[in-house]
Amino acid sequence: MTNEHRANGRIELTQQAGSEHLLQVRNLRTHFFSPGAVVRAVDDVSFNLDEGETVGLVGESGCGKSVTALSLLRLIPNPPGRIVGGEIIFEDRDILKMEPSELQEIRGGRIGMIFQEPMTSLNPVLTIGRQLTEPLKLHLGMTSGQARSRAAELLELVGIPNADIRLRGFAHQFSGGQRQRIMIAIALSCNPKLLIADEATTALDVTIQAQILELMKNLTDQLGTALIIITHNLGIVARYADRVNVMYAGKIKETGTADEIYEEPRHPYTVGLLNSVPRLDLPTQGRLDPIPGEIPNLARLPEGCSFRDRCEYTVDRCESENPPAQLVQGDHYAACWEWERVKLPLEAGMEQP
Amino acid sequence: MWRYIVQRLIITIPVVVLVGVITFSLLQLAPGNPAAIIGGDEASPEQIAEIEHALGLDKPYFQQLGDFLGRMLRGDFGTSIFSQRPINQLIQPRLQPTLSLGVQVVILSTVLGVGMGMLSAWKAGTRIDRAVMVFAVLGFATPGFWLAILSIWVFAVNLGWFPVIGYSPLGDGLFQHLRSMFLPVVVNSYLGSALVMRISRSAMLEVLREDYIRTARAKGLRERVVFFIHVLRPSSIPIVTVVGATVGALATGFVLTETIFAIPGLGQMLVQAITRRDFPIIQAMLMVVAVTLIFVNLVVDIIYAYIDPRIRY
Amino acid sequence: MAITFNPEDVAFARPLRERLRETWSSTIGALKRDPVLAGAVFVMLVGLFLVAFSPFLTRTDYTRPEPFLRLLAPSGDHWFGTDDTGRDIFDRVLVGTQISFLVGFSVTALSAIAGTAVGLVAGYNRILDNIIMRFVDALLAFPTILLALALIALWGPGLFNVIIALTITGTASKVRLVRSQVLSLRESTYVEASRVAGASSIRILVSHVMPNTLGIVIVLSTFTFASSILAEAGLSFLGVGVPTHIPSWGNIIANGQRHVQVAFWVSFFPGVFLTVTVLAVVLIGDALRDHLDPKLRGRLESTQRGDDE
């Protein structure tokens, strides 16, 4: 598996393949099928993740980032969805080729996952204890007694006191933040190599968001767990991620270190995203500019670049050819023909009227 | 939990009393003199007066009502007009066949209904799913008494696997008993399971879409565990409800089935009482069935609380 | 599966003609997409045709006993055979459609009207609500056929009494449904809005709440229709429904039951008609429910959108 994945002659976002990466996603394509339409929710996505690294996957609602996350554990509801192509190499094995039993070992054992809705992600009729001990018994082979005391430890670890009593409780007796803490406890219970947090804090109050993120970051640092943060919030990514992948209309449009993405974005969409959120790190800021236009219909994507209708840098080529990832420098790639012209306007902010 | 049960119990009491009032008042709803209707066309004025007196119809309404409710409370159903014997005595030998039929049908229809519903939900969208749903809709639309007659024709008359009619009490041995009950049990169970199948399927499909099922899968649980623990428990509330409702439908089915298969149970007694206009027996049957159903609903409510902690607390 | 009565349509009243046209075209669309549903509608149309014209389609005098033609097996002369007095079963089954549909439609219409009226009152008046609902609970504690049996034991058998007895229980279930619908509608934004705008309770009830209960009452009515023709057949089968000389499906099945060992066809054919009719009504009811259940609809759309959030 060396440098041969040049699907359709494109340069790949992935570099050299090899075992130095914990996770390599290559040309992942997940589509949703309905009568008469195919929605390309994830369309040729590739990225890497190293051990212990934190990567952000950013984009607007509907850009395919959650579908990407669910695809990693093959949790796409089928029908209507299906992973139609690509590879997900995790610890040198392709998750997409695994037998159900192998996959079940990975899920919850090697890769933990936290979902967006803490209010509905826990089973309302089973005790928290039961839900927390399940993976311990399954993946670590613990007895009920061992699992029970480990579960209590985990609950204390994520900051829920009186664990022995709370283990007998049910989801509705916990607040949203507490439920997300419990989800973190479940996801990390088997010391996974990778934690996927899919909009894990979106549904929570801002103050609680910060607590949960800190908790997640601290625990993954302690355990050496790699972390994929999926969010639409660039602020979260800037603060916690080492690397950032920006997704739009099912494709990764730009990838680089958090600094590169923040300071020197080279894709108009990234620029637009940064312009639409308040930034504390820049002294002057005129106003927040939402990106004009709407996300295209993923079932009827036009030829060429999917962002061109909302883009101010459009050239003729954007109409006909979808830009592959272009090397900016180092590990920084942008999928734009005109990346060299793209600049964060705030740097020259004063020029604008 | 106990508070909840007591609460339910208290709500039930006025309903039971009202059931008694309705049962009693039915007699007053009759056009003309109820005693004359009960006596029939050939009854002499003396006979009618006798019936009137026996039923207490010569007393004021509220006194009669009070007497009636009092008797019901003591479990005294009165006397049959036709046989002049206490109804409690008449009921006793008929309990066993009906109860046996009831228990068998409830168990079989629940197992069949939940099992097929689960299969259908698991295989949603496949041919198996469609086949189960066709089976369920047919069960819903087929008149039980007709199916009973057809089953007699096929399995008893043509194939000779079962007696055409004729009931063997448990005293004849378990095998004989079950064999004589086989056709009525299967017919009623099929019809009873039809709705259970549909509700089970849709309840499980609903739960399968829940976020917490994705969580369960993300933990690496086997599909079997996901299904039997994480799906089955939350979806069992509507299932328990519909099983409870099925018991009501069974009461109807039994009246017809016992008549067709000549099972000497309560349903058969009721049909006989109706043709003989033996109103005290009809009232007794109404009370027995209604109170049984109210009790079943109470049990259903308690099972809810057991399944769903949100109700319990 | 789009057929009639979308609550939003009713709430924001558009011209009737436009609504009817839309309803019509969406119905045709639904029938084209779903052949089973189209079959069910076809069965109902045939049933209605038989209600109107079956007496003119008979080839024999279906009321006159023919002692020499007793229990004949189905043949070219008698497609469904003959019963134990030599009457043609095909003709009797055709004419029997009248009784079933008459009972079905009468019970459905009467209980829908009574149930909606009482349900609206219960949903809007707290004092009456308590009384009505306890009474409804008690009535619903009796299985339909049992209560009907008791009433008929007093009133005597007959078509009219069967209809009234079945209407009573049919009404109780609709009261409960309409009332719960009213209670939730009372809290809805647009009822709130018209209250703020100064509309009277009665006006709100009639012009906002009632139209919105219509859809769900219609869905339940299909169920009432199905269960009442089953109940009528059951009562007739027990000999306490329609008088035995009148050809009703229940009566014909009862006639055949006595001879099941030698002539299964007597019971078989009316049962098939009964089953197919009930099946058609249930399928139509299902389609209506799917169309009305916004939860289900929303879900279908969300899977079609295939979005991730």
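How many Å does helix 8 (residues 174–208) of chain B span between its end C-alpha atoms? Select helix 8 of chain B: the span is only 41 Å, whereas a straight helix of 35 residues would span 51 Å at 1.5 Å a residue. The expected span is 1.5 Å times one less than the number of residues. Helices here are DSSP runs of H or I with at least four residues, strands are runs of E with at least two, and both are numbered from the N terminus.

Before going on, note that this is a predicted model: local features need pLDDT of at least 70, side-chain atom pairs count only at pLDDT 80 or more, and totals for chains, interfaces and linings use all residues. Residues are numbered from 1 along each chain as its sequence is written, and chains are lettered from A and ligands numbered from 1 in the order in which they are written.

**Stop 1: the bend in chain B**

Stay on helix 8 of chain B and select B:Phe182, where the helix bends by about 50°. The bend is the angle between axes fitted to the seven residues ending at a residue and the seven starting there. A proline, B:Pro184, follows within four residues.

**Stop 2: where chain B touches its neighbours**

Show chains A and B together. Here 20 residues of chain B are in contact with 25 residues of chain A; contact means that the C-beta atoms, placed from the backbone, lie within 7 Å. On the chain B side, helix 9 (211–218), helix 10 (223–260) and helix 13 (309–312) each supply at least two residues. Helix 9 of chain B gives the largest share, seven residues. By class, this side has seven nonpolar, four polar and nine charged residues. Nonpolar covers Ala, Val, Leu, Ile, Met, Phe, Trp, Tyr, Cys and Pro; charged covers Asp, Glu, Lys and Arg; the others, Gly among them, are polar.

Now show chains B and C. In this pair, 40 residues of chain B are in contact with 36 residues of chain C. Among the helices of chain B that each supply at least two residues to this side are helix 1 (2–29), helix 10 and helix 12 (279–307). The side of chain B that touches chain C divides into 35 nonpolar, four polar and one charged.

**Stop 3: the sheet of chain A**

Select chain A alone. Its secondary structure comes to eleven helices and twelve strands. Of its 353 residues, 50% are buried. A residue is buried if 20 or more other C-beta atoms lie within 10 Å of its own, exposed if 12 or fewer, and partly exposed in between, with C-beta atoms placed from the backbone.

Eight strands of chain A form an open sheet with mixed pairing, in the order 6-7-8-3-9-10-12-11. Two strands pair if DSSP finds at least two bridges between them. At the edges are strand 6 (111–114) and strand 11 (326–329) of chain A, each pairing on one side only.

Start at strand 6 of chain A, which pairs with strand 7 (residues 194–198) of chain A in the parallel sense over four bridges. There A:Ile111 stands opposite A:Leu194. Next, five bridges join strand 7 to strand 8 of chain A, again parallel, and A:Leu194 stands opposite A:Ala226 in strand 8 of chain A.

Select strand 8 (residues 226–231) of chain A. Six of its six residues are buried, so strand 8 is largely enclosed by the rest of the structure. A:Ala226, A:Ile228 and A:Ile230 point one way, and A:Leu227, A:Ile229 and A:Thr231 the other way. In a regular strand the side chains alternate between the two faces of the sheet. Strand 3 of chain A runs parallel to strand 8 of chain A, joined by five bridges; A:Leu57 has A:Ile230 as its bridge partner.

Strand 3 (residues 54–58) of chain A is also joined by four bridges to strand 9 of chain A, in parallel. A:Val55 stands opposite A:Arg243 there. In strand 9 (residues 243–248) of chain A, six of the six residues are buried, so this strand too is largely enclosed by the rest of the structure.

Strand 9 and strand 10 of chain A form a hairpin with two residues between them. Select A:Ala249 in the turn, which has a positive phi of about 50°.

**Stop 4: two loop residues**

Select A:Asp92, in the loop between strand 4 (81–90) and strand 5 (93–94) of chain A. Its phi is near 70°, a positive value in a residue other than glycine. Last, select A:Asn162, in the loop between helix 4 (144–157) and helix 5 (163–166) of chain A. A:Asn162 has a positive phi of about 55° although it is not a glycine. Is A:Asn162 buried or exposed? With 11 C-beta neighbours inside 10 Å, A:Asn162 counts as exposed.

Methods:
Two residues are in contact if their C-beta atoms, placed from the backbone, lie within 7 Å.
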